[in-house]
Amino acid sequence: MMITGMHTVVDIFCVECGSIVGWKYEFAREKTQKYKEGKFILERFKVLGPNGSNYLVSHEALVSGSDADDA
């Protein structure tokens, strides 16, 4: 059970260290949530960059608008 309703999810894990880094929506019971099926969520702070360091997002990237705003 999630805030948005009942979903069936599967864990996504790192094959290198075995830790769970997110989940994938397998099935949504509510019709309004069907769009989530097949989509996934990764927890940013559990995913490391290719050189082993954490991916960092600049403050500007978090507060800037979408591409549609630039059009």
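Me: In the hairpin of β1 and β2, which residue takes a positive phi?
Reply: That's Gly18, with a phi near 85°. The hairpin has six residues between its strands. Heads-up: this is a predicted model, where local features need pLDDT of at least 70, side-chain atom pairs count only at pLDDT 80 or more, and totals for chains, interfaces and linings use all residues. Residues are numbered from 1 along each chain as its sequence is written, and side-chain values use heavy atoms, leaving out hydrogens and water.

Me: OK, how many bridges join β1 to β2?
Reply: Seven, and the two strands run antiparallel. Strands count as paired if DSSP finds at least two bridges between them.

Me: What's the order of elements from the N terminus?
Reply: β-β-β-α-α, so helices are DSSP runs of H or I with at least four residues, and strands are runs of E with at least two, numbered from the N terminus.

Me: Switching to Asp11, where is Asp11 found?
Reply: In strand β1, which covers residues 7-13.

Me: And which residues does Asp11 touch?
Reply: Leaving out residues up to four places away in sequence, Asp11 touches Ile20, Gly22 and Trp23. Touching is a contact, meaning heavy atoms within 4.5 Å.

Me: How far is the C-alpha of Asp11 from that of Leu42?
Reply: They're separated by 9.9 Å, and the two residues sit 31 apart along the chain.

Me: Last one: what share of the chain is buried?
Reply: 13% of the 71 residues. Buried means under 20% relative accessible area, exposed means over 50%, and partly exposed is in between, using a 1.4 Å probe and protein chains only.
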